[in-house]
Amino acid sequence: RERDPLELGAPRSGASPCSRQCPRAQELRRLLDEPLGQHLLGQFTREKSKSSLPALLCWIDIQSFKTIETQALLRCTALHLQKTYIAEGATLAPTSAPPQTNAFAKLASASSSLGSKAFKDAVQDETRPRDPRCIPAEIRRKINTDIEVESFSTSMFDAAQRKCFTTIYDQIFVRFVSSDAYSSVVKATRQKHVTATDFEYFEWL
């Protein structure tokens, strides 16, 4: 059957390169299902983009969270995920790269063609502090609220997982596909078992 976009880890709609119509996004999703794929992707991330590692770990942990069947374990694991990835001051808060914009061209255009008000607006927009976390504040608030009211479900982190997937795609996967490690994934078997220590997880705690 066709994967649901929620299951794929991609946005439900829009022109994102991570939409379910994108073969590369589907390839990444399959890679994340492979224990060896996870391992090599984690190694590559540690070496080439260590700041992106929390997004990968977060996606994997949420995927595991979805398989929990008992309410007590669901609650305990949700609290762990919140503390590790979602809460203010979280140990492994996933971050995203700053947007690539040509600030000078934007400001020059506003100043020459749209007048002083547009220029001031453009300056304000370019200098406004940006949230470095890849999981937006509104999603974090929703998760925190669900936990506060004891509303636990296997889908409560889905929106956060989709954001992590997009970060993994943009910051890791697009470079990973041109690496030797990617070639190893294509040729290798599925025999390696992955644990958190494969990613030096505890270095971040």
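This is a predicted model: local features need pLDDT of at least 70, side-chain atom pairs count only at pLDDT 80 or more; totals for chains, interfaces and linings use all residues.
Residues are numbered from 1 along each chain as its sequence is written, and side-chain values use heavy atoms, with hydrogens and water left out.

Let's start inside. The largest nonpolar core has 44 residues; such a core is a set of buried Ala, Val, Leu, Ile, Met, Phe, Trp, Tyr and Cys residues joined through side-chain atoms within 4.5 Å. Buried means under 20% relative accessible area, exposed over 50%, and partly exposed in between, using a 1.4 Å probe and protein chains only. Helix α4 gives the largest share, 9 residues. Helices here are DSSP runs of H or I, at least four residues, numbered from the N terminus.

Now the rings. Which rings are linked into a cluster by ring pairs? They are F44, F176 and Y182. Rings of Phe, Tyr and Trp (its six-membered ring) pair if their centres lie within 6.5 Å, with planes under 30 degrees apart stacked, over 60 edge-to-face and the rest tilted. F44 and F176 are edge-to-face, 5.3 Å centre to centre with 70° between the planes. F44 sits in α3 and F176 in α9, so this pair ties together parts 132 residues apart in sequence. F176 has a relative accessible area of 0%.

Finally, E150 lies in the loop between α8 and α9, and its phi is near 60°, a positive value in a residue other than glycine. Thanks, everyone!

Key: Helices (H or I, at least four residues) and strands (E, at least two) are DSSP runs, numbered from the N terminus.
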